[in-house]
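This briefing looks at aromatic ring pairs and at backbone angles in a predicted model. The sequence and structure come first, followed by the points grouped by topic.

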Amino acid sequence: MLINQNADAYSRKTDTYIVAYIDLLGITNKIKSTDQQLAMNILHNLYTFSINVTKEVQIEENKDIRFKIFSDNIIIAKKISSKTKQRKRDIRSLLMCAGHFQELAASDCVGWLMRGDISIGQLFIDDVMVWGEALLKSYYLEDKVANYPRIIIDRNVVNEILQDSKLSGYIRKDFDNLYFLNFLNDCHFCGEMLMNGFKNMQKEIGKDIDEKTYQKFCWHMNFVNSELDRKNEKRDRKYRLSLDLQLK
């Protein structure tokens, strides 16, 4: 069979995108577990619900957000304008979408942690493939730098976010001077669902865990509690995450 060699077959090109590359933690163990069917359905529901909500939100910029999902990885991509005002709206749209996805994953309906990266660069994405240096950079930062259950924000994105007061709430600076996505920026009165989600995570993993997993749980607990304290929403003051796990 001959590959199509007409002009249209070679007209594809990369463009400037803001890209979130996200990895759900612990999926390998879930695939190997006796409850793999349940895990698969939870994951599928998480993906489809997030995509549907993004489409339903009445924001013009959400219309062309692209999702690419394979196993425990998800790519969320949004073409980004070179015009300042529109560019800020494009960035906000992607941050909102990625934050909502992380919030849902950590809540009581799922109870899973994730890590990842958000960066800006050249990308090609369609229904068949994803290609470009933005993807390579995001994957590297997720795999080698993120470490904790956080979505790292690349420096080139941070610089743009910090210049806008409406965007700055979406990021936090960590102890290692890296910036990450504040996935609770748009979330209100979410303490109970996050507390119950954290309880579900601990029930699933069992009492004894290794040091690396323990660190991830501690990081997530400390971040969520600090954000709940910062929001100081009356209905949520009684909800706090607590850790009931022991190192092996």
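**Aromatic pairs and backbone angles**

With a relative accessibility of 19%, Y148 counts as buried, because the cut-off for that class is under 20%. F175, by contrast, is exposed, its relative accessible area being 57%. The rings of these two residues form an aromatic pair in this predicted model, and the count of such pairs comes to seven.

**The pair Y148 and F175**

- The arrangement of Y148 and F175 is edge-to-face, with 5.7 Å from centre to centre and 75° between the planes.
- Y148 lies in the loop between α4 (133-146) and β6 (151-153), whereas F175 lies in the loop between β7 and β8, so the pair ties together parts that are 27 residues apart in sequence.

**The pair F183 and F223**

- F183 and F223 form a tilted aromatic pair, at 5.5 Å centre to centre and with 50° between the planes.
- Because F183 sits in the loop between β8 and α7 (191-205) and F223 in helix α8, this pair ties together parts that are 40 residues apart in sequence.
- F183 is buried at a relative accessible area of 3%, and F223 is likewise buried, at 6%.

**The cluster**

- Y148, F175, F183 and F223 are among the members of one aromatic cluster, which also includes F180 and W219.

**Positive phi angles**

- N177, although not a glycine, has a positive phi of about 70°; this residue is placed in the loop between β7 (171-173) and β8 (179-181) and is partly exposed, with a relative accessible area of 43%.
- N232, also a residue other than glycine, has a positive phi near 50°; its place is in the loop between α8 (211-231) and β10 (246-247), and N232 is partly exposed at 45% relative accessible area.

Note on methods. Residues numbered from 1 in each chain as written. Predicted model: local features only at pLDDT ≥ 70, side-chain atom pairs only at ≥ 80, totals over all residues. Heavy atoms only, no water. Helix = DSSP H or I, 4+ residues; strand = E, 2+ residues; numbered from the N terminus. Buried < 20%, exposed > 50% of the residue type's maximum accessible area, 1.4 Å probe, protein only. Phe/Tyr/Trp six-rings, centres within 6.5 Å; stacked < 30°, edge-to-face > 60°.
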